[in-house]
Every structure is written in structure tokens, then in C-alpha cells.
Amino acid sequence: MAHIIIIGSGIAGLFAALKIADSGNQVTVITKQRLKDSSTNWAQGGIAGILDKTDLEGIDSHIQDTLSSGDGMCDEKVVNEVITSASECIHELLKIGVRFEKNDSGDFRLAKEGGHSSRRILHSKDATGKEIERALSDAARNHQNIILNPNMLAIDLIQKVHGKPSEGISGVWCLNQETDRVETFSADSIILATGGVGQLWTQTTNPNVATGDGLAMAWRAGANVKDMAFIQFHPTALSISKDRPFLITEALRGEGGVILDKKGLQKWQEDCKKCFEQSIEAPLPNEYSFTLGFSPLGSMATRDIVARSIDINLKKTGENNVFLVTSHLDSKYLQEEFPNIQSRLNRHNLKLGIDHLPVAPAAHYIVGGLDVDSFGRPILRDENKIIPSLYAIGEVACTGMHGANRLASNSLLEAVVYADKAAKHIIDNSPVSHDLEVPEWREEGLNFLVEHAPIVNDLMLLRSTMSQEVGVVRRFQRLERASRRLELLGQEVDLIWRNSLASRDIVELRNLILVGQLVTLDALQRSENKGLHYNSDLS
């Protein structure tokens, strides 16, 4: 019986854990906080997929929408494989106990989001991720072959032979946040399912655990990365001062919500008033949206286009936000269909179908990540070989599925399909249990290590740099300035790291700086605008 460690407790990590544990292997799930503190738990929209395997037209349409959104950079083989695997993997989620919303006749109620040409998204109201996380967490807690280790922060991977990444990985060092001591875990295989990097930016829809830990650890262990410049900013995050950004799902626009700027909103309201006075039908807000200047699809264009249109508009007008307008829609229906959003809006006395919601882009999803093969195995940086005993699935990995821009609700699908692929590969190629003696953490016997000084200012500097210089719209001069700042910041934090006891804030800051450097470097090296990467010097 092999021992598999999975780092991360979102949909990718827990789905893989259950699959591997069912095969009789021992699985340890290491997660930074609680199981539910994952990006999966925060996902509102849903999971895209065609449940009927015989619906070849529907499958092909999903493939074409994904390729179109990816702006010519998708791996078509991967796209085909993931989308044709959707039915099998989603049915496994249903077996585990995930409850997707159904209509009165018992059929699944399918939603539509930006970039999708038809309704194909399974959801659970506007809290799909929470429902998926509930079902997977319950199943994992009750599985005899799964050990759950919450409040355990992974620090670094342990190489089988130090300095030789081609020899593979044998374990991981983790900070036990309850004892403040570093613990050493050995494993026959390790799966990274650590999620995204949203905490690099001041405004993000991600939970506070999204600090790029898996990316940074694997890079230090010799793994290659790709497409790091492609950062998806969700166009409609609730933008209210003194409250963190809150994602307003794209499904709300799928139901008819429209994005207007201040000028467009005033003009629409004036025209509606005139129509009311003349007892004629009021116009819909769609034709008043500035987003039509960027795409004929307007508010329903893909996320990269909508986010960029908002960013450019805000820079021109000097406003802090635009508006998501739903007052032309059925208020009761919206509040019933999106209870999670309405609950959040209640804090600010806002009502769906009545009030105009102030929104602005916020960092949401990294399309790039660890360069992996068709089983989720990271590729070595210096040679075209895999790193033995290591896998990466979910947002931390770059499979080629999303190309230059992720199509809405494809991420949960990709995560579960690649979790399935990685799990099957481990099961079919059962790792040989090894008795290698893994080294203890560096602080053992090093009494000169001390608690480091507060680093909150360093984190603020990092986030402001990334937000101002490496945001939705970029320029070479700004990217070069960001690169210089991050280099200096990295050197300073490295000095602190070498002489300090491990703590969560220094571990996360170290990882964030490294990932920020990788994002900025990739952006600097790009010579054309594609998808989520838009450099105004190249336009």
C-alpha cells in the first residue's frame, strides 16, 4: 500500500484523494487552513459540461467555445479530452453526493455565462463550489484510508537527491500552525492541488490561502512553468469601500444583467423616464453599454474583453467602478436564484433587480501555472522530462485547456478531469514504497534562527506593485519597473528567510514574490497581445 500526500483540499485535491483511497492506498491531505477554505468553496458559477455522451453537437459546441475563448492558444487535444470526459466525471460527483439544481420536471437547470453559446453549466444556485466542497469533504472525512491534516502549511518539497530534481520528490516540510513547529512528511507520491495566486493583487476574489505556494515550491524543486502572464481578472467584483471584493457571478449577466458606466446609466434612466411619460415601452439597457465598443456581445463577451473594457473605461473617466444593472429584470426571481449574492448585498442595503451594483475587475484566476503532461506530472525546467513522484492538478497546473483565457466554469471541469487522470495514473502505476530517510527541517540544531520583524509593509508594497504595474492593461515600462522592485524585494525577503524561524507570513510572502517575478517576466517576454495579456505598447 502506497502513501500519497495531497497538498490542497479543493475539488481537485479531494476528488483525487477519494479516487486513490478507494483503490486501497493511504492518502494524507494537507491543507493550510480548514478544508472549506479553498477557492472551490468560493466558486459561484458552476461546472460546464455536456452530460449526454451522445450529444455530439453539444460537445462540439462546448469545444468550439473553449477554443474561441482561448484565443488560439488552447491545446486542442486537451480541450477535446477534457470536454468529452465531462459526463463521466460529473456523474462521479453526483454519486459522491453533489446536488446540482433541478427544475420541476427533474431535469438539471443549466445556466449560461459569458463566452458560452448555450446553457450547459450545472450549478447549485450561486454557491456551486460550496456544494461540491460539502459533498467531497463529507466523503473524505468518512473514508478510512484518508487522513486529513488541517492548519498545516506546506513550506518546501523534499528532493530524493538534494540538487537533482530529475531524481524526484520524496516528501514535504510543513509548518504545523497549531504548534509553530515544522514537521517532515515522507511520501511515495505527492499531488499539488494548491490553487491560485490571487493574493498577489490588492483586489482579488480569492480566499486568503491563494498565495501561490504549490507553484513556488515546485519551481524551487526544478519544475517548469508556462503562460504565467495570463491572469484572469473577473470583470464584476462588488466594489464597495471598506469591504473586500465579492464576486458577482457571470450567471447574473447570463440572466440578462448589463454593465453600464455612469454616463450610460444616466442616459438609459433618462430615456426610460421619457418612455414612461409617453406611455411607451422602455428600452432595455443593453444598447447603452460601453462594452459594445469592444465586442458585439457586449456584457456577455469573454472575461478578458469585459475586464479590459471596464479597466480602460475607469482610467478614462476616473471613476472607481461601473455598474451591473438588473433593475429591468424580475427582482423576486433573481433574489431566489442568487441567494448567496443577495445575502452579501444585504450588508449594503442593495437588492438584485432593484439597485445598480457597483463593480470593478479583481484578480480571479491564473490560467498559466506548472507545465504538466497529460497525467498532471510537472515537467523539468532544464530538460523535457517529468519530475518523478510529483503531480499538479487544478489551478496550480497549466494543462493547455484554457489557452490565453479561461472560458467561464471550465476550471472546475478541468480540475476534476485532471484529478481523475492523475489518480488513475498513480493507481495504474502503483508507486513503490521507499524507506528513504528524509531530512529534517533546517532549524534543527540551528539556535541562531530568530523571529523575523513584521513584514506587512513588504506585502503591501508587493501588492501595490502588481496592481499598478502588472494589472489588466500593461506597458513595458511599467513591467520593467515592477521587475526591478520585485528583484530588490525578493533579495531583502530572502535575507530575512535565511535567518528566521518559519512562520506563515514569511512563507507566503516568499512564495508570492517568486510567483510575482514569474508573472512579470513572462509578461515582459511576450511580443503580442493574446487573451488575458494586453500590453498597450503592442496594440
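Helix α10 supplies the largest share of the lining of the largest cavity, four residues. The model is a predicted one, where local features need pLDDT of at least 70, side-chain atom pairs count only at pLDDT 80 or more, and totals for chains, interfaces and linings use all residues. Numbering runs from 1 along each chain as its sequence is written, and side-chain values use heavy atoms, with hydrogens and water left out.

On a 1 Å grid over the protein atoms alone, a cavity is a set of points where a 1.4 Å probe fits but cannot get out, while a pocket is an open set with protein on both sides within 12 Å along at least five of seven lines; lining residues have an atom within 4 Å of a point. Points are joined across faces, edges and corners, and volume is the space filled by probe spheres set on them. Helices (DSSP H or I, at least four residues) and strands (E, at least two) are numbered from the N terminus.

There is one cavity of 30 Å³ or more, and the largest cavity comes out at about 50 Å³. Ile231, Phe233, Arg303, Asp304, Ala307, Arg308, Val472 and Leu532 line it, with β12 and α10 the elements that give two or more residues.

As for the second largest pocket, its volume is about 730 Å³. Its lining takes in 30 residues, with Gln203, Asp311, Leu314, Pro361 and Ser467 nearest the centre. Two or more lining residues come from each of β12 (231-238), α10 (303-317), β16 (357-366) and α14 (456-469), and β16 gives the most, four.
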